[in-house]
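User: I am new to this structure and would like to understand it step by step. Please show it first, and then answer my questions in turn.

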Amino acid sequence: MNVRLTDGRDLPIEMHKVRIVQRTRLAPAAERLAAMQEAGYNTFLLRTRDVFIDMLTDSGTNAMSDCQLAAMMVADDAYAGGESYYRLADAIRDVLGLEHFLPVHQGRAAEHLIAKTFVKPGHKVITNYHFTTTRAHFELMGGEVLELYTSEALKTDSTHPFKGNMDINRLEAAIAEHGAEAIPFIRMECTTNLIGGQPFSMANLRDVSRIARRHGIMLILDTSLISENAYFIKRREAEYFDASIGDIVKAMLAEADMMYMSGRKSTCVRGGIIATNRREIFDAIRPWLPVYEGFLTYGGMSSKEIEAMAVGLREMTDLEVASSSADLIAHFVARMVEEGIPAVTPPGGLAGHVDASKLLPHLPQTVYPAGALAAAVYLTSGVRTMERGTVSTDRDVHGNEVMGDLELARFAVPRRVYTMSHIEYVVDRLKWLKEHADLVGGLRFVEEPPVLRFFFGKMEDLGGWGARLAAAFEKDFGPEA
Ligand code: F0G
């Protein structure tokens, strides 16, 4: 929520009270250097005791509400037929308008089951943009992922409100080229993660849905960030200015045949679901659920999380909840732009993003500028971010390096966790880094896993720039900062 100040500025303001807190600590620069070296210049491999502000992800790291915590106390732990499952079923029916669902332990488990059921070797899976785990699952089943984004999608400096849209002409052309039978489904990702949390519009979703129906192709929504995408539709698409988040969410889902979600984002829990109104889709996936996840009524989630998800689904349609990180991100991005930091615009739904190819123009993609920026941010601030560029893009089947479409450092803003002063600190340290960008060098893999290499890969700082950067920072701010 924003409130209008006397001088006309909009202030993103928290519509909640903070009643439980968790201590955090700013390790001094020398300690951060040692931690970064130990982690192989990969922020995934840091320990949280060495992290001051954790902006690695908004996945599973959001603040839960009092009502969610209370609901966890009445969880019904049963292997089969537990009441918690039926309470989640009610919420899914009420909020999403969907009758059949399968709980799974998290989003990628849903992707796994969908890929296993529907993707066959040679298939082309069409999407507005891939997500890392999504692509891995579809490719492991022998499918190929076609990303039919628009010409705006990869412009990091833009005013286009819906950079997550699918290019309708490219969609028609791809169906004509490959034939509908080669396309198991079209996947639209809400608040498209890897291009900067950018939403698609309802108008675009309707166009995609119409074409999918005409060709008899299934349309699947990745709804991990559906409340944020709905919020952007409300704010940016005139037809929906007066609509509620709940109505927009239902209208989005009415266009699709099936949805799956990581519940770790919009619903602030640890879990996931697949849901549909088409009984035959549910029947096709259900046999695999007990094989890979668990029995139908818990499917790999703890019953406590199932209860919290039932509440989280209802709460995410609250305007205050749906806007809680989006408005802070908008402020964060505006502050970065003010300071001349190349932030991705317009602001997206899960994070503020910095375009590393602009902040570190001297680094070619072969030495991973976004990875270097994520490491440099940690060294100079204790803030943990995530590389979303070439490191996050695996090699092709021949082992050749594939350059990322973008080189972004992602500063995730978990819902209701951080405040304006945290954001102001981050912007300040980025400002210092921008002035010392020439001190940041490239990275090189010393340990490179064969799949999703960004999780466990270890790198080294070419020429030992990390120590020089930490020393320059210490010179300006002292040994304790
Ligand atoms: N789809 C999207 C759009 C996601 O952002 C994620 C996870 C997944 C699927 C997979 O879900 O993690 O529950 O298995 N995104 C996290 C992130 C990991 O940091 O952006 P999961």
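User: How many nonpolar, polar and charged residues does the shell around the ligand have?

Analyst: The model is a predicted one. The shell consists of 17 residues, among them Thr-57 and Ser-262. Sorted by class, the residues of this shell are two nonpolar, eight polar and seven charged.

User: What is the distance from an oxygen atom of the ligand to an N or O atom in the side chain of Arg-108?

Analyst: A polar contact requires a pair of N or O atoms within 3.5 Å. Asn-193 has a polar side-chain atom 2.8 Å from a ligand oxygen, and an N or O atom in the side chain of Lys-265 also lies 2.8 Å from an oxygen atom of the ligand. For Arg-108, the corresponding distance is 2.6 Å.

User: What percentage of the area that the ligand exposes when taken alone does the protein bury?

Analyst: Taken alone, the ligand exposes 470 Å². Of that area, the share buried by the protein is 96%.

User: Which strands are the edge strands of the open sheet of seven strands?

Analyst: The strand order in this sheet is S4-S10-S9-S8-S7-S5-S6, and the pairing is mixed. Within the sheet, S5 (residues 124–127) and S7 (residues 185–189) pair in the parallel sense over two bridges, with Ile-126 facing its bridge partner Ile-186 in S7. An edge strand pairs on one side only, and this holds for S4 (100–104) and S6 (144–147).

User: What is the bridge partner of Met-386 in S14?

Analyst: An open sheet of three strands has the order S11-S14-S13 with antiparallel pairing, and its twist averages 30° from one strand to the next. Strands S13 and S14 (residues 408–412) are joined by three bridges. In S14, Met-386 has as its bridge partner Arg-410.

User: Which residues does a cis peptide bond join?

Analyst: Most peptide bonds are trans. The bond in question has an omega of about -5°, and its proline lies in the loop between helix H14 (324–338) and S11. The residues joined are Thr-345 and Pro-346.

User: What is the phi of Thr-191?

Analyst: Most residues other than glycine have a negative phi. Thr-191 is located in the loop between S7 and helix H7 (202–215). Although Thr-191 is not a glycine, its phi is positive, at about 45°.

Definitions and conventions. Residues are numbered from 1 along each chain as its sequence is written. This is a predicted model: local features need pLDDT of at least 70, side-chain atom pairs count only at pLDDT 80 or more; totals for chains, interfaces and linings use all residues. Side-chain values use heavy atoms; hydrogens and water are left out. A residue is near a molecule or strand if one of its heavy atoms lies within 4 Å of it. A polar contact is a pair of N or O atoms within 3.5 Å; within protein, one must be able to donate a hydrogen and the other to accept it, and residues adjacent in sequence count only if both atoms are side-chain atoms. Accessible areas come from the Shrake-Rupley method with a 1.4 Å probe; for residues, only the protein chains shown count as cover. Ala, Val, Leu, Ile, Met, Phe, Trp, Tyr, Cys and Pro count as nonpolar, Asp, Glu, Lys and Arg as charged, and the others, Gly among them, as polar. Two strands pair if DSSP finds at least two bridges between them. Helices (H or I, at least four residues) and strands (E, at least two) are DSSP runs, numbered from the N terminus. Axes are lines fitted to C-alpha atoms, for helices over the stretch in contact, and angles run from 0 to 180 degrees between N-to-C directions.
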